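Please consult the sequence and the model alongside the text.

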Amino acid sequence: MSSAQNIRDAQMQRLGQRLATLSSHVDAPDLQCEGRLMRMVGMKLEAEGCDGAIGERCRVISDSAVVDTEIVGFADGRLVLMPEGDVSGLQLGARVVPLGARAIVAVDEQLFGRVIDGAGHFLDDGPAPHCSHSVALRAKPLNPLERRPIREPLDVGVRAINGLLTMGKGQRLGLFAGSGVGKSTLLGMMTRHTEADVIVVGLVGERGREVREFIEDILGPEGLARAIVVATPADYPPLMRVHGAWRATAIAEHFRDQGRDVLLLMDSLTRFAQAQREIGLAVGEPPVSKGYPPSVFSLLPNLVERAGNGRVGSITAVYTVLVEGDDHNDPIADAARAILDGHIVLSRSVADSGLFPAIDLEASVSRAMPGITDENQQELARALKELYSVYRQNKDLISIGAYEHGSDPKIDQALRAHEPLRQLVRQAEQQKVSMTQSVNDLVNTARYLSGSVQANSNAMAS
């Protein structure tokens with residue numbers, strides 16, 4: 001017994017010495033708690049044996065695949081993860097390593113002219129730069145009392161917007177359009193012509209071929225040179241598409257906080273919502289409106305509210321909203337109208353008539369316009385939009401020849417104004433019209449119509 005006791009005492013002594021040695025190394029790494037992949041259904045991964053907070057990242061490691069994920073929920077002692085990349089090759093029991101950090105965005109001037117994805121990987125052929133700044137992917141929202149009001153107009157180089165739907169620096173505007181009515185073309189015009197220090201373009205959920213077409217044909221070398229493009233096509237996992245929107249916004253925030261005027265173009269807000277819908281349904285959220293779970297409607301204002309004016313600098317944001325089947329009462333379209341500072345509607349009937357950009361003046365409004373333009377411009381814009389509305393309301397009557405000229409002076413005036421209004425809106429894709437020229441064209445159109453009315457009145461009197 002004494003011999004066995006001596007052996008145990010010697011072992012305990014050696015163990016104590018080893019523990020003392022380890023504790024003396026203050027720079028020794030902490031033990032890392034790893035888990036195991038226990039379940040996968042669709043895009044949802046479940047891991048047990050490890051801990052983490054919502055929004056933190058984990059790395060899933062198997063023999064033939066390594067996938068970065070984000071913690072989006074937990075249930076029954078397991079973490080619910082969403083993958084950022086392709087899950088092919090993952091195996092049951094794969095290692096799950098918590099990284100203990102939230103996603104960050106590397107950013108500085110070296111990103112100008114570059115194309116990256118939602119994870120920050122470069123999609124073009126250029127070398128990967130070493131950015132000197134980093135910001136959080138999802139930053140804290142600004143204090144509303146620290147936001148400067150919208151007081152200065154923004155020249156976007158598009159006559160119809162400058163003159164009739166004037167945008168202000170720091171405004172968040174929705175571009176509502178169905179498929180094939182020219183929303184990408186209008187975005188390209190704004191990218192090339194807008195007077196902004198920095199342009200950030202977020203292409204979320206678009207078809208892969210459209211990404212290159214937008215960059216080469218619509219944006220062009222001149223537009224790309226002063227822009228940063230974040231592209232996450234439709235075949236990317238939903239988490240990557242969501243991160244693409246957040247990354248584009250985080251990059252815009254960085255330059256705004258430096259005191260610059262930033263134009264953020266995001267195509268589209270609808271695809272962002274659809275990606276979040278996939279995530280929400282995968283983790284078990286109930287659908288509440290046409291298949292969209294509650295998290296979609298809470299996430300939309302979180303994204304949009306990060307744009308706007310800050311203490312210094314501004315982010316003027318244009319979000320495209322895909323109106324499926326030309327249904328403007330779609331849940332996403334309806335929610336977007338409530339949280340944005342105005343909307344421009346592109347009409348299929350206007351596009352079919354051969355007018356581009358196909359802006360429906362009757363359905364479009366800029367909520368910031370009254371505070372950034374003078375009363376004369378506002379009155380002229382209201383008068384011309386009223387004539388446009390009168391023509392649209394009586395279009396069928398006019399088209400079949402049932403309207404008799406002289407029956408209604410207002411309709412007569414709308415008939416005379418129809419073609420001048422179309423000329424005011426019409427603009428070639430490569431043409432840039434300054435704010436000053438846009439207002440002059442607005443005044444000249446109104447003066448021409450006023451002269452026509454007066455001349456017609458004099459002729460009738462004689």
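Q: How many salt bridges does a search of the whole structure find?
A: The structure is a predicted model, in which local features need pLDDT of at least 70, side-chain atom pairs count only at pLDDT 80 or more, and totals for chains, interfaces and linings use all residues. Residues are numbered from 1 along each chain as its sequence is written, and side-chain values use heavy atoms, with hydrogens and water left out. A salt bridge is a side-chain nitrogen of Lys or Arg within 4 Å of a carboxyl oxygen of Asp or Glu. A search of the whole structure on that basis gives a total of 32.

Q: How many residues apart in sequence are the parts that the pair Glu109 and Arg260 ties together?
A: The side chains of Glu109 and Arg260 form a salt bridge at 2.7 Å, N to O. Glu109 lies in the loop between β7 (104–107) and β8 (115–116) and Arg260 in the loop between α5 (238–257) and β15 (261–267), so the parts tied together are separated in sequence by 151 residues.

Q: Is Glu109 buried, partly exposed or exposed?
A: Buried means under 20% relative accessible area, exposed over 50%, and partly exposed in between (1.4 Å probe, protein chains only). Glu109 has a relative accessible area of 37%, so Glu109 is classed as partly exposed.

Q: Which helix holds both Glu216 and Arg212?
A: The side chains of Glu216 and Arg212 meet in a salt bridge of 2.7 Å, N to O. Glu216 is partly exposed at 46% relative accessibility, whereas Arg212 is exposed at 57%. The two residues are four residues apart, about one turn of the helix, and both lie in α4.

Q: Which helix contains the partner of Lys410, Glu386?
A: Lys410 forms a salt bridge with Glu386, with the closest N and O atoms 3.5 Å apart. Lys410 belongs to helix α13 (residues 409–425), so the pair ties together parts 24 residues apart in sequence, Glu386 being in helix α11 (residues 375–393).

Q: Are helices α3 and α4 roughly parallel or roughly antiparallel?
A: The axes of α3 (residues 183–193) and α4 (residues 208–225) come within 9 Å and cross at roughly 5°. Axes are lines fitted to C-alpha atoms, for helices over the stretch in contact, and angles run from 0 to 180 degrees between N-to-C directions. Angles under 35 degrees count as roughly parallel, over 145 as roughly antiparallel, 65 to 115 as roughly perpendicular and the rest as oblique. The crossing angle therefore makes α3 and α4 roughly parallel.

Q: How many of the eleven residues of α3 are buried?
A: Among the buried residues of α3 are Leu187, Gly188, Thr191 and Arg192. The helix is mostly covered, and the number of its eleven residues that are buried is nine.

Q: Which residues does Val323 touch, not counting residues up to four places away in sequence?
A: Val323 is placed in the loop between β17 (314–322) and α8 (331–339). Val323 counts as buried because its relative accessibility is 1%. With sequence neighbours up to four places away left out, Val323 touches Phe176, Ala177, Gly178 and His328.

How values were computed:
Contact means heavy atoms within 4.5 Å.
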